[in-house]
Amino acid sequence: MKLKKIIFVIYALFLTPLYSNDNKVVASEVYKNLRCLVCQGQSIADSNSDFATTIKLVVLDQINEGKKEDEIYNFLISKYGEWITYHPTFNKNNFLLWTLPYAVLVLGGFIIFLIVRKNKHNKAN
Amino acid sequence: MKISISKIIIFSFIIFSFLIFWQGLKKNNDYDTKNLIGNKISNFQLIDLNNEKKLITEEDLRKNEYTLINFFASWCSPCRTEHEYLLKLSNKKIRIIGINFKDKKSNAISFLEELGNPYDFIGKDKNGKISVLFGIYGIPETLIVDSSLIVIKKYIGPIDQNQYDEILKLIQ
Amino acid sequence: MLSNIGIGLVVLVLILSFLTIYAASLDLKTSSQSIQRGIYKLSLYQTTFTILSFFTLIIAFINSDFSLINVYENSHTSKPLFYKIAGTWGNHEGSLLLWINILVIFSYLFLVFNHKHNKKFRLYTLIFQNILILGFLFFLLLNSNPFNSIYPIPREGLGLNPILQDPALAIHPPLLYVGFVGCSIYFSAAMASMVSGYGGKLFAQSIKAWVQISWCFQTLGIIVGSIWAYYELGWGGFWFWDPVENASLLPWFAITALMHSLIVLEKRNTLHAWVIILCLLTFILSVTGTFLVRSGILNSVHTFASDPSRGIYILLFLLFMVFSALIIFFSTYQKEVYKFNLKSRETFILANNWFMIFFLITVLIGMLYPIFLDVLTDIKISVGPPFFNIVIIPLVVPFLFLMAIGPNFSWIKSRNNNAYKILFLILGAVGINLLISNFFGKYSLLSNLIFIAAIFLFLHLFLDIKKFINKKNRFELPRIISHLGFGLLVFFIGINHQFSLEEDFNLKVGEIKKTNSYEINFEDIKITKSKNYKAIIGNFKLTNLKNNVVQYLGPEIRIYSNPETLTYEAAIKTKITSDLYLTMSNVSRSDYYNIKFQNKPFMIWIWISALMITLGGFTRLILKKNEN
């Protein structure tokens, strides 16, 4: 159907500029993803402690050296352990953490699919 | 109620979660960086507090069987309580390096004049960035490193009598 | 004396709860169709004494009666009256008494307002609810008694924490508890439904209003908490995925799912078992949340003072609740046949539930995983905003899409083909999004998708509003308001997150910091003295480099003397188009101050949209009331 094809093409054209145009590492975003180790549940961005001040300097240095965000987190994890980052790394310990939610999503979708499909079956008979 | 696999699984999971929570209640919530033990220390460069031109790197530590690295500052009161143990250790077979953390040079020198200087070398860490290389998050903290640059002991907070005895046993 | 009165009243309530259960059990066996008058009286007495006990505690706080440990620990003679009263529920023991009050009040109201429904069902609901009440009463008396006394009586109290003296924080707990605890009544009703066999459409009608009320207050409570965090906590954020916040979000997802499924149960008399499960799940999640937050098992910046002994009790009570619910469920479960057509409104409501459960499980896993990992392997990890944002936000895109097209499908089976309309509106949304992205200049794949999905929702809703004005179908109004609010909320949070400017830097008095769009001049410092604090106020001149508009902001560092605390008061300039946010804190042993500056576009619209969601819910309640 010609109309549908035209719509599809316009659609595809619109989709091209969608990808991100800004990939710089932003210091304040990195601060938010790091935990202040001497505080009770605050991030480096939120904390006014000595430790937070020091970590901010180290992060800024690394950004200026051109390090990528993941490299900065890995560096700090090697020094302080995984506890320091709020972004759990995807390794064998945290595998379940990242996969279980999606497993639930797929399971839910499957259940709905079964419910709707059963009806189609009944209708056919 | 018929017994079936799914019901067994559900009930087991509930009991399992209950046990986990119960254990979780008993656990200590405070985090410390004991994980650094067994890691190799990273490359560093320490500039002497008194002499800008004098510096040491990690290579210098390979010459010692054991090195004690102690982070301190003049404004830190627990650092005072552990100082006597550092002084005692300075006469033993262990090289003691002090890193003066976020401090004014004059205050650090007066601190050491008042309490005594146990350090074979004093490095300065004006803005704290060097402490991050060593995985330090508060002071005082002390690390014991062997000749292959592996961290074998980590003490968070001031050294007490028990920890002093532990260090003595280690270096005998 | 107040201590004795208080304890006496609580014991009275305890006895009355036992009596109610006993009387209700007896009345179950009679052949009469209506509930015995005596039971109404028992319930009324129970309610009266419970409320009186709460008033006793309030009076103790107003009078600064330090013979009660609870008042001693949480109040102070120089606290303003309003905060003395609010202090009643601002602590663990007092808030527990408030829980019990809501449990009892809802129990009575449910009994009275549901007089048209089946007698057995109502009696069983009363019994189950009172078992819950007993559980909490025992917890209060044995472990967390606000009426415990202390001798000798201290002269002055300890509780003058300035952070807690804030109007939003004062009303936030009661609002939230009506949500949290209000869902107990349909937990009990669900249990009663299973045991008495009173289910389906009539069951849905009996609990409808209660689900709606708890939903409205839960939503409002969460919003007020966020507003407080934004204005008072000094970090410019309003949601931190903090354990306490997550604990309030878990029941919210369940209640929202339930609210939608109830529509299906009432209209098409299907999804019986699922609605029961949701009713049970909601209160179970409330109690689980309470356990996680008050036992000390998780650390958070929000927690009450924690105590593992509380944890054990709540955990056992939770286990008892879950086991009973499961056993009764499995004993009475009857297989259901589902007749769902793909192109029907029921299917789309199911889809809503699907996503709600997904969001719920994600938050639950995020909260519990560190605990499980720590206990099993001794490894400590942190799960924070990055995890929740990465998992949840991308799925909001299809959720908004389904939310837009779902209500356009009719019940049972839709005949019209909406495909062209959908395509056309997607194109429209993409177009509008292009304009927005180019205006702001910065975008990412995710931000584009979120905006497109949200705008797609708006376009559908505007068409709905046109239809509403023509047909005047009142019952569409709540949905339109709430869904619009939700779409706007996602939209403005997206704009705020994507286009906010944030700078974190150190400055000395007299210095100037220049960023791409602002010049921040730290002009000077002023020290003022107030009744109970000393304040260091920074005077900052902000120049917007794009239009040369100048604003002055004065963030404060407050030093309180009793108790010795330091707070940071952010300077916030709220305008329709954006918020300017500035905090100042001192850097130890230095002349420098750490400055956090943020420009947050359309911040106030986030609050407006969130409140719109609540408004839709209250509208539905009012419309229902007028209908009866």
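## Chain B at a glance

Two residues are in contact if their C-beta atoms, placed from the backbone, lie within 7 Å. With that in mind, look at chain B: among its contacts between residues at least 6 apart in sequence, 76% join residues at least 24 apart. Please keep in mind that everything described here belongs to a predicted model.

Chain B holds 6 helices and 7 strands. Starting at the N terminus, its elements follow the order α-β-β-α-β-α-β-α-β-α-β-β-α. How does its radius of gyration stand beside that of a compact globule of 172 residues? Chain B has 22 Å, whereas such a globule would be near 16 Å. Its C-alpha atoms fill a box of roughly 80 × 35 × 35 Å along the principal axes. Of the 172 residues in chain B, 31% are buried.

## Where chain A meets chain C

Next comes the contact between chains A and C. Here 44 residues of chain A are in contact with 45 residues of chain C. On the chain A side, α1 (2–15), α2 (27–32), α3 (50–64) and α5 (95–124) each supply at least two residues. Which of the elements gives the most to this side? That is α5(A), with 12 residues. Sorted by class, the side of chain A that touches chain C has 20 nonpolar, 16 polar and 8 charged residues.

## Where chain C meets chain B

Chain C also touches chain B, in a contact that takes 19 residues from chain C and 16 residues from chain B. On the chain C side, α12 (308–332) and α13 (345–377) each supply at least two residues. The most comes from α12(C), which gives 10 residues. This side of chain C divides into 12 nonpolar, 4 polar and 3 charged residues.

## Two helices side by side in chain C

Which residues meet here? From α13(C) come F348(C), A351(C), F355(C), F358(C), F359(C), T362(C), V363(C) and G366(C). They meet F387(C), F388(C), V391(C), I392(C), L395(C), F399(C) and L402(C) in α14(C). By class, the residues of this contact divide into 13 nonpolar, 2 polar and no charged.

## A stop at S414(C)

Moving on along chain C, S414(C) sits in the loop between α14 (385–405) and α15 (419–440). Is S414(C) buried or partly exposed? A residue needs 20 or more C-beta neighbours within 10 Å to be buried; S414(C) has 17 C-beta neighbours inside 10 Å, so it counts as partly exposed.

Leaving aside residues up to four places away in sequence, S414(C) touches K343(C), S344(C) and F409(C). L542(C) is 128 residues from S414(C) along the chain, and the C-alpha atoms of the two are separated by 57 Å.

## The sheet of chain C

Chain C also has an open sheet of 4 strands, in the order β1-β10-β9-β8, with antiparallel pairing. At its edges stand β1 (501–507) and β8 of chain C; each has a single partner strand, so one side of each is left without a neighbour in the sheet. From one strand to the next, the twist averages 10 degrees.

Strand β9(C), residues 578–586, is largely enclosed by the rest of the structure, because 7 of its 9 residues are buried. On one hand, 4 bridges join β9(C) to β8(C), residues 571–574. In this pair, I572(C) stands opposite Y581(C), and T574(C) stands opposite D579(C). A hairpin through 3 residues joins the two strands.

On the other hand, 9 bridges join β9(C) to β10(C), residues 593–601, in an antiparallel arrangement. Here S585(C) has N594(C) as its bridge partner. These strands form a hairpin too, with 6 residues between them, and R589(C) in the turn has a positive phi of about 60 degrees.

Finally, helix α18(C), residues 603–627, lies across β8, β9 and β10 of chain C. How does the helix run relative to β9(C)? The angle is about 110 degrees.

Technical notes:
Residues are numbered from 1 along each chain as its sequence is written. Chains are lettered from A and ligands numbered from 1 in the order in which they are written. This is a predicted model: local features need pLDDT of at least 70, side-chain atom pairs count only at pLDDT 80 or more; totals for chains, interfaces and linings use all residues. Ala, Val, Leu, Ile, Met, Phe, Trp, Tyr, Cys and Pro count as nonpolar, Asp, Glu, Lys and Arg as charged, and the others, Gly among them, as polar. The radius of gyration is taken over C-alpha atoms; the globule rule is 2.2 Å times the number of residues to the power 0.38. A residue is buried if 20 or more other C-beta atoms lie within 10 Å of its own, exposed if 12 or fewer, and partly exposed in between; C-beta atoms are placed from the backbone. Two strands pair if DSSP finds at least two bridges between them. Axes are lines fitted to C-alpha atoms, for helices over the stretch in contact, and angles run from 0 to 180 degrees between N-to-C directions.
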